Amino acid sequence: MMVKSGSLSGSNTVWTLDTTDNTLNAIVLGPDFGANGGKILTSGFTNSGGTVTYSGTNYTAGEVAIGRQYTMSIELSRPYYRDGNGHADFDAWLGIRYITALYHNAGYLKIKTTMPGRTDRTKTHDVDPVDARGHVRAWHNGNSELIVTTLENDNPKPCTVTAVEWVADYLPGAQASLA
């Protein structure tokens, strides 16, 4: 991704890139574009590998971010209860109540969960402008042995997840085997 200011050539906006990468396929308008700040352009322009040209519209009011769209997807490992010494209770039963993702400079994030016998659930965080810091909480409850949690961003808006927290009910391993 690179941040650029455009110039006007006739009725077209032209950005000269620092690279000849012709796979860059998204333009995000910066804050100088007022109400359109954060708007994502994925069509209406050509990338000739070094020059991006947007036809028929003047986008020279400020800086834009030019980059490549892709899907960031991370499947989280199963959470385990840990005692005061940091030892995991592998036989414990954990009933997930909710999941919280803490983020930094995020405009878009999905928390997705799947579990056999349940409808897939998705909590989406989508804001303009980008939040400097915050959290997204998904009330996706279920058995920690069966629930699969994925963090995803399929949007050009940035997203940096700094921590994930599960809140759960806990039944120690010895008692869980009796249940």
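User: Which residue is the bridge partner of Thr-46 in β7?
Analyst: Thr-53 is the bridge partner of Thr-46 there. Before we go on: this is a predicted model, where local features need pLDDT of at least 70, side-chain atom pairs count only at pLDDT 80 or more, and totals for chains, interfaces and linings use all residues. Residues are numbered from 1 along each chain as its sequence is written, and side-chain values use heavy atoms, with hydrogens and water left out.

User: OK, and how many bridges join β6 to β7?
Analyst: 3 bridges join β6 (residues 45–47) to β7, and the two run antiparallel. Strands here are DSSP runs (E, at least two residues), numbered from the N terminus, and two of them pair if DSSP finds at least two bridges between them.

User: What does Gly-49 do in that hairpin?
Analyst: Gly-49 takes a positive phi near 75°, in a hairpin with 3 residues between β6 and β7.

User: And how many bridges join β3 to β7?
Analyst: 4 bridges link β3 (residues 12–16) with β7 (residues 51–54), again antiparallel.

User: Switching topic: where is Gly-6 found?
Analyst: Gly-6 is in the loop between β1 (2–5) and β2 (7–9).

User: Is Gly-6 buried or exposed?
Analyst: Gly-6 is buried, with a relative accessible area of 18%. Buried means under 20%, exposed over 50%, and partly exposed in between, using a 1.4 Å probe and protein chains only.

User: What does Gly-6 touch?
Analyst: Leaving out residues up to four places away in sequence, Gly-6 touches Thr-13, Val-14, Trp-15 and Thr-60. Contact here means heavy atoms within 4.5 Å. Also, the C-alpha atoms of Gly-6 and Gly-62 are separated by 7.7 Å, although these residues are 56 residues apart along the chain.

User: Now charges. What's the salt bridge count?
Analyst: The count comes to 7 salt bridges. The rule is a side-chain nitrogen of Lys or Arg within 4 Å of a carboxyl oxygen of Asp or Glu.

User: Which residue does Asp-18 form a salt bridge with?
Analyst: Lys-4, with the closest N and O atoms 2.8 Å apart. Asp-18 sits in the loop between β3 and β4 (26–29) and Lys-4 in strand β1, so the pair ties together parts that are 14 residues apart in sequence. Asp-18 is exposed at 64% relative accessible area, whereas Lys-4 is buried at 15%.

User: Which residues are linked in a network of salt bridges?
Analyst: Lys-110, Lys-112, Glu-152 and Asp-154. Within it, Lys-110 and Glu-152 meet at 3.9 Å, N to O. That pair links distant parts of the chain, with Lys-110 in strand β10 (residues 93–114) and Glu-152 in strand β13 (residues 148–153), 42 residues apart. Glu-152 also meets Lys-112, at 3.6 Å.

User: Is Glu-152 buried or exposed?
Analyst: Buried, with a relative accessible area of 12%. Lys-112 is partly exposed at 30%.
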